[in-house]
Amino acid sequence: MRRWIALFELGFAVLFLACAVVSWRAARRTTEFVGTDEHPGFVAVRYVPPLLLLACALVMVSGVLVIDVVTRIYRGSVAPRGVEPMI
């Protein structure tokens, strides 16, 4: 059962990373200004902070999910079976 949960979490981590890439690319807005006789043309770049914040948050959540997947797959038993916990 732990491996199925880990598989779903890994799928969500990949989905969140893909959404982070889309959000990061959508955060960059470019505007081209045509030059005149006196002024040369140029391209202005503006970044949308909420989309950058969303991308960073998605990457962090994806990293936490990957860490959780690794611990679910490779975690051993803390105590041998049959041993009562100390209170």
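Hi everyone! Let's begin with a term: a salt bridge is a side-chain nitrogen of Lys or Arg within 4 Å of a carboxyl oxygen of Asp or Glu. Keep that in mind as we look at this structure, which is a predicted model.

So, how many salt bridges does a search of the whole structure find? There are 2.

Let's take R72 and D68. Their side chains meet in a salt bridge, with 3.3 Å from N to O, and 3.3 Å is within the 4 Å limit. Both residues sit in helix α2, 4 residues apart, which is about one turn of the helix. As for D68, its relative accessibility is 25%, so D68 counts as partly exposed.

R72 has another partner, E9. In this salt bridge the closest N and O atoms are 3.5 Å apart. Here the pair links distant parts of the chain: E9 belongs to helix α1, while R72 belongs to helix α2, which covers residues 49–74, and the two are 63 residues apart. Is E9 buried or exposed? E9 is buried, because its relative accessible area is 13%, and buried means under 20%.

Now back to D68 and its salt bridge with R72. Through shared partners, E9, D68 and R72 are joined by salt bridges into one network.

Finally, please look at the surface. W4, L7, F8, F12 and L15 form a nonpolar patch there, and together they have about 600 Å² of accessible area. One of them, F8, lies in helix α1, which spans residues 2–26. F8 has a relative accessible area of 58%, so F8 is exposed; the cut-off for exposed is over 50%.

Methods: Residues numbered from 1 in each chain as written. Predicted model: local features only at pLDDT ≥ 70, side-chain atom pairs only at ≥ 80, totals over all residues. Heavy atoms only, no water. Patch = residues over 30% accessible without salt bridge, like charges linked within 9 Å, V, L, I, M, F, W, Y side chains within 5 Å. Areas by Shrake-Rupley, 256 points an atom, 1.4 Å probe, with all protein chains shown as cover. Buried < 20%, exposed > 50% of the residue type's maximum accessible area, 1.4 Å probe, protein only.
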